Amino acid sequence: PLGRIGIPRCLNMYENYPFWHTLLTHLGFDVVLSSRSDRRLFALGMDTIPSESVCYPAKLAHGHIADLLKQGVTTIFYPSIPYQPKEFAGANNRFNCPIVTSYPDTIKNNMDVRSNGVNFLNPFFNLDKPKSIPGRVYEEFGKFGITRKQAQTATDAAFAEQAKYKADICQKGEETLRWMQETGTRGIV
């Protein structure tokens, strides 16, 4: 009922896609994902890249946004995420790469998204503080008629889906390690 919302398939949005897709779907959006990365997609955003020295994955972000615009998406969600959840008890660093954190602002300032009537949403979210997320969701999506209760329900579902996704990845890694041991194959998991 809230219309289409685009998510670029790039940088940390790729890893956190299960979370964001679930959150936005539960809020009432129809989520549109940008196309897979390839040479064509890179070329699509090439003329808006402000630096030759930034990493290739960041450069691809421009193509992903251009792809969403080409698909006619008029609301794009690309949040800044300075902190990821702590995944290991002994981890002392959960900061995202500064390029990853700041890239939504780079896109906003180097691509002409807003002047084309696009609602480009690039709020800050701290995924390392799960209790703060429902309030941030309400702050950012209240203008769409979202209630605090809907924000909480959507956030709970999103964290559950992200945990399921991580568990699926771990399970596949364990299966792959067993297969490598059984077959004498070398590899990296």
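These legends accompany close-up views of a predicted model.

**View 1. Overall fold of the predicted protein.** The protein has 7 helices and 4 strands. From the N terminus, the elements run β-α-α-β-α-α-β-α-β-α-α. The C-alpha atoms fill a box of roughly 55 × 45 × 30 Å along the principal axes. Among contacts with a separation of 6 or more, 68% join residues 24 or more positions apart.

**View 2. Surface and burial.** Of the 189 residues, 43% count as buried. The protein exposes about 10500 Å². Carbon and sulfur atoms supply 54% of that area.

**View 3. The W20–F77 ring pair.** The count of aromatic pairs in the model comes to 11. In this one, the ring centres of W20 and F77 are 5.1 Å apart. Their planes stand at 65°, over the 60 degrees required, so the pair is edge-to-face. W20 belongs to helix α2 (residues 17–27) and F77 to strand β3 (residues 75–77), so the pair ties together parts that are 57 residues apart in sequence. Both W20 and F77 are buried.

**View 4. The F29–F144 ring pair.** F29 and F144 also form an edge-to-face pair. The distance is 5.2 Å centre to centre, with 80° between the planes. F29 lies in the loop between α2 and β2 (30–33), while F144 lies in the loop between α6 (133–141) and α7 (148–183). The pair therefore ties together parts that are 115 residues apart in sequence. F144 has a relative accessible area of 23% and is partly exposed.

View 5. Ring pairs link F19, W20, F29, F77, F125, F141, F144 and F159 into a cluster.

**View 6. The largest nonpolar core.** This core has 45 residues. Those with the most contacts inside the core are W20, L24, L27, F77, Y78 and F141. Helix α4 (residues 56–70) gives the largest share of the core, 6 residues. In soluble globular proteins, nonpolar side chains tend to be buried together.

**View 7. Contacts of L27.** L27 is among the core residues with the most contacts inside the core. Which residues does L27 contact, leaving aside its neighbours within four places in sequence? They are L2, V137, F141, I146, Q150, A151 and A154. One of them, F141, is likewise listed for its core contacts.

**View 8. Q181 in helix α7.** Q181 lies in helix α7. Is Q181 buried or exposed? Its relative accessible area is 71%, over the 50% limit, so Q181 is exposed. The C-alpha atoms of Q181 and K108 are separated by 48 Å. Along the chain, Q181 and K108 are 73 residues apart.

**View 9. Backbone at L11.** L11 is placed in helix α1 (residues 11–15). Phi of L11 is near 45°, a positive value in a residue other than glycine. Most residues other than glycine have a negative phi.

Conventions. Residues numbered from 1 in each chain as written. Predicted model: local features only at pLDDT ≥ 70, side-chain atom pairs only at ≥ 80, totals over all residues. Heavy atoms only, no water. Phe/Tyr/Trp six-rings, centres within 6.5 Å; stacked < 30°, edge-to-face > 60°. Helix = DSSP H or I, 4+ residues; strand = E, 2+ residues; numbered from the N terminus. Buried < 20%, exposed > 50% of the residue type's maximum accessible area, 1.4 Å probe, protein only. Core = buried A, V, L, I, M, F, W, Y, C linked by side-chain atoms within 4.5 Å. Contact = heavy atoms within 4.5 Å. Areas by Shrake-Rupley, 256 points an atom, 1.4 Å probe, with all protein chains shown as cover.
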